[in-house]
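Welcome! Please take a look at the structure below, and then follow the short briefing under it.

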Amino acid sequence: MAQRPIVDPMDHAEGRHRLLRRREALFALGGGIGALWYASRAARAIRSAFAVPAASAAARCVLTPEQTEGPYYIASEPFRSDVTEDRVGLPLLLHLRVLDAITCKRIEGATAEIWHCDAGGNYSGFSSGSDSTFLRGQQTTDGAGRATFETIYPGWYRGRTTHIHVKVHVGGTVVHTGQLYFDDAITDAVYAQEPYAAHGARHTTNATDTIYADGGARSTLELRKREDGYRGKIVLGVDA
């Protein structure tokens, strides 16, 4: 009769311990993989929550409508950020950002220039007895494509809604000529105050301005109230 091999009980114990250690290792490995999977999933969720949708980014990267230069342009306006001079009115901090409408890249070193009328509807250099440079100026955009101007909320003149003229040069070439507009409700509130109220009620709104009708809605400033006036900003997509 064959004899069973003699097995040391300690071998059984060690075998069980090896099996247990293997199971624990597999369990730990599985738990680690699971933890990594959940962490990765959570990270993706966080990135998704803070990501800018492609459609939103594309919506800002469009060609800004061209509009007429108008009769009051003067070349070689002074380079400066504060164009107010002696004009009285509600302060307006104007932020412009210039982008390439094809590549969506910010354009550094572009020249942005603005000009507009004062609270009484007068343009410097064209009003009776005026040869000054108030409410005119230009700046070079920084690394983020930005140029900021300190000015006042424009007034009105017959036949036009409230607006600011803008021109952008890249490499010495004019790549955009347009106009910037304001929300009518905000304009009405501003014009109820002095010195605007002294000029009387305006005759033309955005809805009745023929130039605004051709792209004005896409050239309207995003306005926010400040303690002493308004801040207006807009992205100008140009064909550089």
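## A first briefing

Cys 61 counts as buried because its relative accessibility is 13% (buried means under 20% relative accessible area, exposed over 50% and partly exposed in between, with a 1.4 Å probe and protein chains only). This is a predicted model, in which local features need pLDDT of at least 70 and side-chain atom pairs count only at pLDDT 80 or more, while totals for chains, interfaces and linings use all residues. Residues are numbered from 1 along each chain as its sequence is written, and side-chain values use heavy atoms, with hydrogens and water left out.

**The disulfide and another cysteine**

- A search of the whole structure turns up one disulfide (a pair of cysteine sulfur atoms within 2.5 Å).
- Its partners are Cys 61 and Cys 104, with sulfur atoms 1.9 Å apart.
- Cys 61 sits in the loop between helix 2 (54–60) and strand 1, and Cys 104 in the loop between strand 1 and strand 2, so the bond ties together parts that are 43 residues apart in sequence. Helices (H or I, at least four residues) and strands (E, at least two) are DSSP runs, numbered from the N terminus.
- The disulfide is left-handed because the torsion about the S-S bond of Cys 61 and Cys 104 is about -120 degrees.
- Cys 104 is partly exposed, with a relative accessible area of 37%.
- Cys 117 is buried, at 1% relative accessibility.

**The nonpolar core**

- The largest nonpolar core holds 33 residues (such a core is a set of buried Ala, Val, Leu, Ile, Met, Phe, Trp, Tyr and Cys residues joined through side-chain atoms within 4.5 Å).
- Residues with the most contacts inside this core include Leu 94, Leu 96, Ile 114, Tyr 153, Leu 180 and Tyr 196.
- At least two core residues come from each of strand 1 (91–100), strand 2 (111–115), strand 4 (146–152), strand 5 (163–170), strand 6 (173–181), helix 3 (184–191) and strand 8 (229–238).
- As general background, nonpolar side chains tend to be buried together in soluble globular proteins.
- What does Leu 96 touch, not counting residues up to four places away in sequence? Its contacts (heavy atoms within 4.5 Å) are Ala 112, Ile 114, Gly 145, Arg 146, Ala 147, Phe 149, Val 166, Leu 180, Ile 234 and Leu 236.

**Helix 3**

- The buried residues of helix 3 are Asp 184, Thr 187, Val 190 and Tyr 191.
- Seen down the helix axis, these buried residues fall within an arc of 120 degrees, so they line one face of helix 3 (the arc is that of the directions from the helix axis to the C-beta atoms).
- Strand 8 is what the buried residues of helix 3 pack against.
- At the start of helix 3, a side-chain oxygen of Asp 183 comes to within 3.0 Å of the backbone nitrogen of Ala 185.

**Salt bridges**

- How many salt bridges does a search of the whole structure find? There are eleven (each a side-chain nitrogen of Lys or Arg within 4 Å of a carboxyl oxygen of Asp or Glu).
- One of them joins the side chains of Arg 136 and Glu 77, at 3.5 Å from N to O.
- Arg 136 lies in strand 3 (residues 136–140) and Glu 77 in the loop between helix 2 and strand 1, so this pair ties together parts that are 59 residues apart in sequence.
- Arg 136 is buried, with a relative accessible area of 2%, and Glu 77 is buried at 4%.
- Asp 86, Arg 87 and Asp 118 are linked in a salt-bridge network.
- In the pair of Asp 86 and Arg 87, the closest N and O atoms are 3.0 Å apart; for Asp 118 and Arg 87 the closest N and O atoms are also 3.0 Å apart.
- Asp 86 is exposed at 53%, Arg 87 is partly exposed at 25%, and Asp 118 is buried at 6%.

**Backbone details**

- The peptide bond from Glu 194 to Pro 195 is cis, with omega near 5 degrees, and Pro 195 is in the loop between helix 3 and strand 7 (222–226).
- Ser 76, a residue other than glycine, has a positive phi near 60 degrees; Ser 76 is exposed, at 71% relative accessibility.
- Glu 85 has a positive phi near 55 degrees and is found in the loop between helix 2 and strand 1.

Key
A polar contact is a pair of N or O atoms within 3.5 Å; within protein, one must be able to donate a hydrogen and the other to accept it, and residues adjacent in sequence count only if both atoms are side-chain atoms.
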